[in-house]
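Open the model in your viewer and keep the selection panel at hand. This tour takes you from stop to stop.

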Amino acid sequence: MTEPGHIGAPLTRLDGRLKVTGQAKFTAEVPIDHLAYAVMIQSTIGAGRITRIDAREAEAADGVLAIITADNAMPLPEKGRAAFSPPAGRMLSLLQDYDVHYNGQPIGVAVADSFEQARYAASLVRYEYEAAPIDVDMEASLAKSYPYTRKILGRDPASTCRGDVSAALRQAAARLDVVYRTPVETHNPIEPHATIAMWEGDRLTVYDSTQFVYGVRRVLAKTLGISEEAVRVVSRFTGGAFGSKGAAWSHVPLAAMAAKHVGRPVKLVLTRRQMFGPVGARPHTVQHFEIAGGRDGQLTAMRHVTTSSTSKIEEWLEPSTLATRMLYRCDNQETSQHLVRLNTGTPTFNRAPGEASGTFALESAMDELAARLDIDPFELRLRNYAEEDPEEHKPWSSKSLRECYRVAAERFGWAKRPPNPRSMRDGDWLIGWGMATATYPMKRMPASAIARMTPDGLVEIRAATHEIGTGTITIMQQIAADALDLPIERVRFTHGDTDLPQNPISAGSMTATSTGSAVLVAARELREKLRQLGFDNPATARVTEAVEVRSESKPGKEREQYSMHAFGALFVEVAVDAELGMVRVRRAAGAYSGGRILNPKTARSQIIGGIVYGIGAALLEDTHIDRRSGRYVNAELDEYHLPVNADVPEIDVSFVEEDDPHVNPLGVKGLGEIGMTGVAGAIANAVYHATGVRVRDLPITLDKLL
Amino acid sequence: MYPFQFESAASEQDAIALLGANPDARFLAGGTTLVDLMKHDVERPARVVDINQLSLTTVEEIDGGGLRIGAMVRNSDLANHPLVRERYPVLSQALLAGASPQLRNMATTGGNLLQRARCQYFRDVANACNKREPGSGCSALHGINRIHAVLGTSEQCIATHPSDMAVALAALDAIVRVRGAGGERTIPLVDFHLMPHDRPDRETRLEHGELIVSVDVPPLPFAKRSLYIKVRDRASYAFTLASAAVALDVRDGVIRAARIALGGVATKPWRVPDAESALENTSADGAAFGRAAELALSGAVAREHNAFKIELAKRTLIRALTRAAAIA
Ligand SMILES: Cc1cc2nc3c(=O)[nH]c(=O)nc-3n(C[C@H](O)[C@H](O)[C@H](O)COP(=O)(O)OP(=O)(O)OC[C@H]3O[C@@H](n4cnc5c(N)ncnc54)[C@H](O)[C@@H]3O)c2cc1C
Ligand code: SF4
């Protein structure tokens, strides 16, 4: 692809070759001289106090530089809490006191000349504790739940109420009153978290595997009591994140503290086991759902009460009710959110936080209601199609869900679905079809970019966003090349460094919407500046010295006027072994509308990745926490199951393109998370269609179907 | 990882001597169990003796149509060996149902027999575990025990033996040949592994300093009609929840002989002679298979999260017998 017209072209990822040939350097691979290795030490009780620490044997071991614990850690401003401001700044465990709030909490760091020596030393530090009783059992702790009252992510109300739900429930022709449950789902990107910290005098440089270099910088500066200007954070490639790397978790300041302590650059890489607890997870949800409808298939009432778990040290909410509020027309609706505090690590965003868990409940409930009303579940969605946002009573900036339904249903062949469960079979396998609606809000934050043309005719775009594996570098170059009418080879994108203009966290499906818009605006402004210099065509411009513009792009008042969301529809076929209960997803067809599709290839990868993630949530993922010790039990990939290739079927993805002038200058809505939404619901519905068994608690493992 | 001394053995005698000289030494074969557990501090050998130079890497025919499998034959090579595929499909299938291609390329026949429990409490040294530290208690007994055993357990340990290969070998009456300072001896595979009783740290009859040199599989003509069915949580690359290795000798619809072993549900590869004899001279039908399955699981004891395994194992066995009977 050398011709302009890059947007919309299925360009292969520009970083693909670097990655498959091992040339892309991830944080732990950055070569640094004189590096020391740190290993994080974790608590082995679920709550209580450390009463004694004996580090003598560890300190005497070969190659050991320091054992840092609450006994000798550098004191931090506000006991290490100065940076608290979610989502980037969290309640961390930075060795400022002896309290233990969960099993696996960071309680020390061993630093040595080699990784092996550090690891060995870590195992030699002796801790004595005074243990306190723990709460880790979600069901047993439900009685202690309390309503969440603050705004959700600073914007949405904690609870909503429209119409008269109780009256509508009483009068309904058909109603359902059930509880859905989702387990703690621990993100496991292929690259575990990693940080390298090095001091030069009072200046700190940190290489970090993160979704948010500016967030990490703020947390480090505030936590350590130094100025933000004294901290540089670099993150060239992040090997997957899914939300887990949106915050600067304890290991990041701990690496900086260790580097200061030993006077050498320090690398701290988490082990796979350490991914369970200290760096977030999707919390438990218990979702009480009441739904009712008339014989005509009109929804008359919904009540969705979600209780999710959080830690003892911080409130974090999984907003599972958000999608319920806007997805279908329903005049009488109540939603609310509640929390339970457990002795676990603090939860955090996990791909489509809220929408993924919430649409499992909502889309299952729609299916269950359809069965009670004897209406095709797809038809039930159509009859309750929301022509405007039913909660905020605003028009949609654009909505192509009807078209998504049509395309996906046709490609799947839904019209041939027999209405009754257990009516299709293939040998030992019962076959079932299920569907669900997918949805994710368009989110956007202020972003900035520099566009700079040098005398060699090349253009460099600079923005402190991140390549977390989604194809950001590729689409940013496409956007800039198009705006400048340049071949893509003449555009370079530089990212992942706080020396570059500030950009938001790469989360919430908002990198294309935010950074993409800033890049577009910067490229356009560069073009204008070149025109003023007499170069009408950037391709032939020969500037004598570098020409540079710096632009910002931020949301305006569009959110007050419009409700802005991406939508999609997913249809799946499952096979369930009639005697052995094994569930396999056989095929899936989805159609999605997310505004303009910048690159169908990377877009499709995002959707497929989301659906695979959803298969994991539906059938496999479940973090087991021992109720006596609070310890993460299956904290390894052998028993924390994620889908392998053999679990992933043919996935047919279509896009319904939209021309949405309202959302942002690029007209994009973001596709990083919508693929994950609706998947668990569609699979649970298909399992019901195959077997007649309704599973309301994820994951749908075979023991639930025997 | 604890510091250790590394030695490479040039010969079998050398290996045996290097190991015997140090009570905390371990052989290193494919390393897929040993190195993994060393990283978790579960295994803390003072000396590691590499046996990858030994020439125990062949599969040879022995008298009457049996096979002698060298201890260092890799799981991939064994699974794809033409004679194994032809004479003992159950063994090939069991191997291919285990782990992943990369692991099977490393894993060896001897190492596979000696792989250790997958119990998560065993693998995390922060927990009490009688297998790791005798007398410290069993965290799984009243903990999360969905993957644990229902057969052959004790109050001291309920971990399953995780090998798929060993289940097939148990059904095939394989013999383990071992060599120590005092010479060679043989141990029938069904006796090779020990049930936990009150010493779950004692897992096999192998003595310290003994090297497995081969596994012999005797001839069994009707093993051509053998197969392995494995049930797991995902389509591939997961340990067994329940499995069945079966071989049937069916003539004119009547079962003349049967070999049955179960995996994923027991503390050792679980041969079920009662179920086998119940099938002999009966017609190969669902009723007979159902009776055999009841007998096979008759002693099962469920814990909090693994009761489903009892029913699952029965159904898995019935499925395996039904399929085996249908093989022409
Ligand atoms: C992620 C994962 C998934 C897996 N999934 C499965 C599965 O689904 N099914 C399954 O059956 N297995 C599975 N395995 C286990 C795998 O099959 C075993 O790890 C492997 O077979 C061990 O063989 P090895 O040669 O690597 O043994 P090593 O790790 O080298 O050795 C294991 C033990 O045996 C001893 N030893 C080795 N050879 C000899 C010998 N000749 N004489 C005496 N002692 C010896 C060693 O000292 C050591 O104590 C899995 C393993 C992993 C890591
Ligand atoms: S089941 Fe066995 S291996 Fe697991 S904790 Fe108990 S004693 Fe240890």
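Select E3 and strand E5 (residues 106–112) of chain A: they pair in the antiparallel sense over 4 bridges. Strands pair here if DSSP finds at least two bridges between them. Helices (H or I, at least four residues) and strands (E, at least two) are DSSP runs, numbered from the N terminus. Now pick Ile67(A), which stands opposite Ala110(A) in E5(A).

This is a predicted model, where local features need pLDDT of at least 70, side-chain atom pairs count only at pLDDT 80 or more, and totals for chains, interfaces and linings use all residues. Residues are numbered from 1 along each chain as its sequence is written, chains are lettered from A and ligands numbered from 1 in the order in which they are written, and side-chain values use heavy atoms, leaving out hydrogens and water.

In chain A, 7 strands form an open, mixed sheet in the order E3-E5-E1-E13-E10-E11-E12. Strand E3 (64–68) and strand E12 (231–234) of chain A are at the edges with a single partner strand each, so one side of each has no neighbour in the sheet. From one strand to the next, the twist averages 20°.

Contact means heavy atoms within 4.5 Å. Axes are lines fitted to C-alpha atoms, for helices over the stretch in contact, and angles run from 0 to 180 degrees between N-to-C directions.

Next, show both chains. The contact takes 35 residues from chain A and 36 residues from chain B. Across this interface the rule finds 11 salt bridges, each a side-chain nitrogen of Lys or Arg within 4 Å of a carboxyl oxygen of Asp or Glu. Zoom in on one of them: Arg631(A) to Asp124(B), 2.5 Å from N to O. H3(A) gives the most to the side of chain A that touches chain B, with 5 residues.

Last stop: Thr677(A), in the loop between strand E25 (650–655) and helix H16 (679–691) of chain A. Is Thr677(A) buried or exposed? At 0% relative accessibility, Thr677(A) is buried. Buried means under 20% relative accessible area, exposed over 50%, partly exposed in between (1.4 Å probe, protein chains only). Show what surrounds Thr677(A): its contacts include Ala352(A), Glu355(A) and Thr439(A).

Key: Lists of a residue's contacts leave out its neighbours within four places in sequence.
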